[in-house]
Amino acid sequence: MESTDTAQKWASAVNHLTIGATAAQGGTRTKTVTVGGAKCVPWLAYEGDVGCRPVVALEIWDSGADNWPQELRAQYGGAMNDPAAWARKGEELGADLICLKLMGTHPEMGNRGADEAAAAVRSVLAATGLPLIVLGCGIDEKDNEILPKCCEAARGENCLFGMIRQKNYRTLVAASLADGHKVLAESPLDINIAKQVNILAHDIGYPLENLVIFPTTAAMGYGFEYVYSIMERGRLAGLGGDPLLRQPVLCDVGFEAWRAKEAQASEAELPGYGPASERGPLWETITATNYLQAGADILVLRHPVAVAQAKEAIETLHGAAK
Amino acid sequence: MYIVGECLNGMFKRVRQAIEERDKSVIHELARSQVAAGANALDLNVGPSIGDPVTNMTWLAETAREATDAPLWIDSPRWSVQKEVIPRLSGPKGINSTKADESALDKYLPLAVENGAALVGLTIDQKGVPADAEKRVELGVQIMGKAMEAGLSSELLFIDPIILPVNVAPAQPANVLKALAQLVVFSDPPPRLVIGLSNLSQNCTHRNLINRIFLVMAQSAGLSAAILDPLDEELMNALITAEILLGKAIYCDGFLEAYRMRSQPGKS
């Protein structure tokens, strides 16, 4: 008996987006990464091309990471005080990109200025050939102060800079246009706002194909399903042709997963939950691999085990899709 | 919603003059502006223009083609026009239209299939415009059956349940809505359903108001294509809003602008 062909024909595909520029392209990266391109729902290869492999970015801070959970500090040690050293470690671990968060510029975490932030960006660009994601501290006024100088410091390297938000997007969009960077657009678990931020960037001249969507991330047990549902709705609309939801998606997994009590609590605080040294990496890994099912194109991770496991999961999924 | 722009029609004085005087600039401008306003395809009708209909339609189609790659629908009741123009026209195209009776379908379906053209099938047969919804549905199903036999892909078939002016046929709008609602559930994927919106308000007052209210009612009943005036901004806004309300597109504050971003020539 013949069964019905349930494969859906999609009108559209996720945009391709490249981060990084080699010497031939005007930068100094040893490689670039290209994400996106899926012409089917995540991993359903019989419907169409599954697109490029999702990529893993190692999260590093310019400063202020001394409050990170013990298990992470044990992994990176002194490198956490030097973004250049930390970036090299990320390259050794096999990360596809480095994600530099300029948390040292946060008013309550060092309040570093634009020059110091730009210097951190330069030092990371010099230390590693990997493509670079650069994120501000998350405070609008501060980001507007520091990010333009950072964009300038990285001119030609085709970095992914973030974040633009509905209420604060002009400064970073202008700087990214001037210095040739991709832009990460943030929305607060709200698909309507996700579209609106893209419209606002487009209205001031920023190409829709150069945007990456950051819908906000939640760890397993802390709202993962809701983010999944937003990513799913967005992906379905993008595949159906909506130009405002065709962008690749970034998930900030490391930051969220390590906030979980499962990741942080000692064995005394959580008896029966297993060794503290395993729980964090496990929580991060599972959150990451589950986001692969939601269609994540870029995973920002912290622990070496999560990096390795996520990369293995990506190879398995992508390999099986052939 | 698949939007077919209606402005290139010789019943409009400016277009008729352009056809008669072979003034390309008017045709180019109307083609471009309709596509820019969101038309996915353009309907071409020489109307009451003086001169040989085949020559006029050939000129109109070739001139429109110079301005856009969008599908061009040849709107003529004359077989002589369709059979001459369709094979010679480059790029995507459509035949507007055929009736539902077998002898008509036996001519028009091969023409569509051989030329990769879309085909609009009217739910009218030798007996004329159906009075009720049921007959429209019956004829629509008949067209769909024959089209499938002839090998016309379902994406290229548009069923038109025929809308008449409301002042002349007051019961018809409701019948059309009923017919749409029945036809749309007939198959999966549903058949493409189209109407020539402006017919509804011919010789009526408040034409734009009548058109846009019926359009959203028809969208709600399952309409997926319409021949209309994309330059009527209020009409387009109503269409876009109805799409959001029907869950066809995700809301955002700039939803009117967002819809216009997605409209590109030739895309449904």
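In chain B, pLDDT stays under 50 over residues 264-268. For this stretch the model has 13 contacts beyond four places in sequence. The structure is a predicted model. Across chain B as a whole, the mean pLDDT is 95. Of the residues of chain B, 98% reach 70 or more. For the model, ipTM is 0.86 and pTM is 0.90.

The contact between the chains was examined next. Chain A contributes eleven residues and chain B contributes ten residues. On the side of chain A that touches chain B, two helices each supply at least two residues: α6 (191-203) and α7 (224-239). The largest share, five residues, comes from α6(A).

Within chain A, strand β10 (residues 298-301) is covered on both faces. I298(A) and V300(A) lie on one side, and both are buried. A residue counts as buried if 20 or more other C-beta atoms lie within 10 Å of its own.

Strand β10(A) also pairs with other strands. One partner is strand β3 (residues 55-61) of chain A. The pairing of β3(A) with β10(A) is parallel and runs over four bridges. Another partner is strand β9 (residues 250-252) of chain A. This pairing with β10(A) is also parallel, with three bridges. D252(A) has V300(A) in β10(A) as its bridge partner.

In chain B, two helices pack against each other. Helix α9 (residues 233-245) and helix α10 (residues 255-262) of chain B meet at an angle of about 95 degrees. Their axes are 10 Å apart. Angles of 65 to 115 degrees count as roughly perpendicular, so α9(B) is roughly perpendicular to α10(B). From α9(B), the residues N237(B), I240(B), E243(B) and I244(B) take part in the contact. They meet F255(B), L256(B) and Y259(B) of α10(B). The residues of this contact divide into five nonpolar, one polar and one charged.

Key: Residues numbered from 1 in each chain as written. Chains lettered and ligands numbered in written order. Predicted model: local features only at pLDDT ≥ 70, side-chain atom pairs only at ≥ 80, totals over all residues. Contact = placed C-beta atoms within 7 Å. pLDDT = per-residue confidence, 0-100. Buried ≥ 20, exposed ≤ 12 C-beta atoms within 10 Å, placed from the backbone. Pairing = 2+ DSSP bridges. Axes fitted to C-alpha atoms, helices over the stretch in contact; angles between N-to-C directions. Parallel < 35°, antiparallel > 145°, perpendicular 65-115°, else oblique. Nonpolar A, V, L, I, M, F, W, Y, C, P; charged D, E, K, R; others polar.
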